[in-house]
Amino acid sequence: GRPLTFPPGYNAAQAFIDRHLDEGRGDRAAILSRHGTVSYAELAARVSRCAHALTGRGVRPGDRLLMVVQDRPAFFYLFWGAIKAGIVPVPVNTMLRSRDYAVLIEDSGCGALAYSAEFAGEIEPALAERRPALVLRLDPAEEAALFEHGPDRFDPVPAGAERDCFWLYSSGSTGRPKGAVHLQRDMAVTSELYGVRTLGATAEDRFFSAARLFFAYGLGNAMTFPLWVGGTAVLLDERPTPASTFATIARFRPTLFFGVPTLYASQLEALDQDRPDLSSLRACVSAGEALPGDLLHRWRERTGLEILDGIGSTEALHIFISNRPGRTRGGSSGTLVPGYRARILDDTGAELPPGQPGRLWIQGESIASRYWRNPERTAAAMVGGWLDTGDTYLRDEDGHFYYCGRSDDMLKVGGIWCSPFEIESALIEHPAVREAAVIGRADGDGLIKPEAWLVLTESAVGDDALEQDLRLHCKARLAPYKFPRRFHFVADLPKTATGKIQRFRLRLGAEPAG
Ligand code: 3UK
């Protein structure tokens, strides 16, 4: 790995883009996609032209560039062109609605907005409320103007390791979105600590992420990690399904694949019919939500491949607790990524001993400096360099971390804390279950009991006999009070754009028991 030292005036575009020309990597492939190959030399030239175009059209250092952009090479050009010019790129979720975009335009106070033409239907109505000074609709003519003309050199605007660099909005399950402000050094920190030292990424790797670039997870997987090591990013600008991801793996032969548990579950089911060529992969990574141990084991049986589960967050920028290649432990998020520190605290803020679940706080060099214009939420979640993850975890004697649930999803059953995730993990070991979500619901006596919401596999039938079988299945695996008292069989579970189950919707949506 490379040492994490930052010269005065450090601009991240120097380390991630220009350095490759200085080191003679110009002819190597930076990006592969169905739109063709982009070399490091072409990438650097288009980034510089974009920096000229943005400044030439009046965008100033410190201004925000809101990006509603597909996973295509233009994402790279805009993001790095902005950073080179001291402009702050703010990539946002491309699956939102007009109303949401109006909120983001307003909250960010962006001076410029760039959007892929296919999102016009949602973006244009949002502009009626507040129109940024510069609006770039990325059709072929605009892309040519931005990336294909003008000088292909642009000297990076001097910044500094601790200067604002880019923002990512945190997809909180409720409430207004929070803009997490990341600093110039943050991408180098995650790329080196997790990408290089945990995954062992090198220039020979090809990185394919089913998670999109606008998520912190996808941004690291498919843009910053490959650019940090001089490797190659594989981009897919279609919905990631088993079919589209398998086809992309067969065509572009990535060495690393990054997914989320839901996708691995549906890929596994698809493997009953499909025999995709996965031989290029050396490892798979999972994050976003906890990977049930059973899924890890079945994936390994079917493909011979490991899935490395790790927990990250938008605020931390990437993964800070992870399994290691060759040493995965099913059901555990793994151990601390060296460079990060962790504490598990009780309700009074006291540190808990190993084996006891509590609230996970972490510290490290990649954590966002603050939430944009939100001092209350900054003060609540970011204290003295430490970040409140909002997750309940326990750490065992040998340093492995076990996810127990979002702190606000934990259940007290019979006075005992009970992890919905533990019950879900047991449920999905049952052959009829594809996905599971467990919430607490008051019974006729007003006492909280676990209730399961299940998506079944195609051949299964949700009848009384199955319910009975599922109860026995749970009782055989879990402490006696933990089995679900009620079951709901549904076609889908409510999820956030990042694929996290919205248990609060299940709590609200169902008729009360009793
Ligand atoms: C949950 C996990 C258990 C956890 C992310 C990798 O997911 C990412 O960021 P978000 O801001 O959400 C953060 C929250 O998601 N979570 C994520 N990974 C796991 N829970 N096991 C896991 N492996 O509640 C966390 O607080 O959307 C993931 C890299 C960068 C990311 N931003």
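**Ground rules.** I number residues from 1 along each chain as its sequence is written, and side-chain values use heavy atoms, with hydrogens and water left out. Because the model is predicted, local features need pLDDT of at least 70 and side-chain atom pairs count only at pLDDT 80 or more, while totals for chains, interfaces and linings use all residues.

**Domains.** I looked up the domain assignment (bounds from an automatic or database assignment) and got domain 1 (1–184) and domain 2 (412–509). Their C-alpha centres lie 42 Å apart.

**Cores.** I took a nonpolar core as buried Ala, Val, Leu, Ile, Met, Phe, Trp, Tyr and Cys residues joined through side-chain atoms within 4.5 Å, with buried meaning under 20% relative accessible area (1.4 Å probe, protein chains only). The largest core has 98 residues, and F16, L43, F76, F79, W80 and M187 touch the most other members. I then checked F16 for contacts (heavy atoms within 4.5 Å): beyond four places in sequence, its partners include Y10, W80, M187 and W228. A second, separate core has 24 residues, among them A210 and L263.

**Sheet.** I went through strands (DSSP E runs of at least two residues, numbered from the N terminus) that pair (at least two DSSP bridges between them). Three of them make an open, mixed sheet in the order β24-β25-β26. β24 (433–442) and β26 (486–489) are the edges, each with a single partner strand, so one side of each has no neighbour in the sheet. Strand β25 (residues 448–456) runs parallel to β26, joined by four bridges; L454 has F489 of β26 as its bridge partner.

Definitions and conventions: Buried < 20%, exposed > 50% of the residue type's maximum accessible area, 1.4 Å probe, protein only.
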